[in-house]
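Subject: Handing over the model

Hi,

Here is the structure I promised to pass on.

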Amino acid sequence: AMQQRGKVVMGVRSDQPGLGFQDATTGQYTGFDVEIARLVAAQLGFGADKVEYKVVPSAAREDTIERGEIDYMVGTYTINDNRKQRVSFAGPYYVAGQDLMVKADNSAITGPETLKGANARVCSVSGSTPAKTITQYVDQGNIVLFDVYSKCADALRNGQVEAVTTDNVILSGLVSTSQGAFKLDRKSTRLNSSHITI
């Protein structure tokens, strides 16, 4: 299909600094996952001018792949048995731990076990493994879900939530671009991984 079309359509993220990020000014995609996606395209014989990027939110990954809207997805994406029934995985090429991001001055949250005591509202992304995992530590009513992590960062900044949870590598990118507003608690709760998904 890619050969007939003459290009690769790859699923990427656009709001994860350091992994998959789209510059608002130039429209260019950058980051580790984007580079992995480009390397795969090059190995398949497609140069940078033969690559089309499609931003795919977490909750739509399997559907987008099954409908043939993308050739492959490269991004933070945990391999699990339910997903294996719908899509095929190559990898992992990176293994990450789930973590919490809080405001830099927050001393009440020092790990997932402190979330209930702090009556913390925690943000994650719909359809993600971290959103399911955090239910062990937070009452369902205190979980706030969005379609992308940049909205979770905004919710943390404006006080709508007290913590954001996902892969530590995603959170590290958000912390690095927060001008010192956020920090990680460094208490990973489980391993997740990133891979190419077709």
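A word on accessibility before anything else: a residue is buried under 20% relative accessible area, exposed over 50%, and partly exposed in between, using a 1.4 Å probe and protein chains only. Keep in mind that this is a predicted model, so local features need pLDDT of at least 70 and side-chain atom pairs count only at pLDDT 80 or more, while totals for chains, interfaces and linings use all residues. Residues are numbered from 1 along each chain as its sequence is written, and side-chain values use heavy atoms, with hydrogens and water left out.

Aromatics

Rings of Phe, Tyr and Trp (its six-membered ring) pair if their centres lie within 6.5 Å; planes under 30 degrees apart are stacked, over 60 edge-to-face, and the rest tilted. The whole structure has four such pairs. One of them is Phe32 with Tyr93, a tilted pair at 5.9 Å centre to centre and 50° between the planes. This pair ties together distant parts of the chain, since Phe32 is in helix 2 (residues 32-43) and Tyr93 in strand 7, 61 residues apart. Phe32 is partly exposed at 37% relative accessibility, and Tyr93 is partly exposed at 23%.

Another pair is Tyr77 with Phe89: the ring centres are 5.4 Å apart and the planes at 70°, so this one is edge-to-face. It also links distant parts of the chain, with Tyr77 in the loop between strand 6 (72-76) and helix 4 (81-84) and Phe89 in strand 7, twelve residues apart. Tyr77 is buried, at 1% relative accessibility. The charged end of Arg61 sits over the ring of Tyr77, 3.9 Å from its centre (the criterion is NZ of Lys or CZ of Arg within 6 Å of the ring centre and within 35 degrees of the ring normal). Back at the Phe32 pair, ring pairs link Phe32, Tyr93 and Tyr94 into a cluster.

Nonpolar cores

A nonpolar core here is a set of buried Ala, Val, Leu, Ile, Met, Phe, Trp, Tyr and Cys residues joined through side-chain atoms within 4.5 Å. The largest has 19 residues, and Met101, Tyr149, Val164 and Leu174 have the most contacts inside it. At least two residues each come from strand 7 (89-103), strand 8 (122-125), helix 6 (149-157), helix 7 (168-176) and strand 11 (182-184). Helix 6 gives the largest share, five residues. Leaving aside neighbours within four places in sequence, Leu174 is in contact (heavy atoms within 4.5 Å) with Asp15, Pro17, Met101, Tyr149, Ala153 and Phe182.

There is a second, separate core of twelve residues, which includes Val12, Ile36, Ala37 and Val51. Val12 lies in strand 1 (residues 8-12) and is buried, with a relative accessible area of 1%. Not counting residues up to four places away in sequence, Val12 touches Tyr29, Val34, Tyr53, Lys54, Val55, Val56, Met73 and Val74.

Three strands form an open, antiparallel sheet in the order 2-3-4 (strands pair if DSSP finds at least two bridges between them). Strand 2 (15-16) and strand 4 (29-30) are at the edges with a single partner strand each, so one side of each has no neighbour in the sheet. Strand 3 (residues 20-22) and strand 4 pair over two bridges, and Gln22 has Tyr29 as its bridge partner in strand 4.

Salt bridges

I count a salt bridge when a side-chain nitrogen of Lys or Arg is within 4 Å of a carboxyl oxygen of Asp or Glu. The whole structure holds twelve. Among them:

- Arg38 with Glu35, closest N and O atoms 2.5 Å apart; both lie in helix 2, three residues apart, about one turn of the helix.
- Arg86 with Glu66, at 2.6 Å, N to O; Arg86 is in the loop between helix 4 and strand 7, and Glu66 in helix 3 (residues 61-66), 20 residues apart.
- Glu69 with Arg67, at 2.5 Å, N to O; salt bridges that share partners join Lys54, Arg67 and Glu69 into one network.

Of the last pair, Arg67 is exposed at 53% relative accessible area, while Glu69 is partly exposed at 31%.

Cheers

Conventions
Helices (H or I, at least four residues) and strands (E, at least two) are DSSP runs, numbered from the N terminus.
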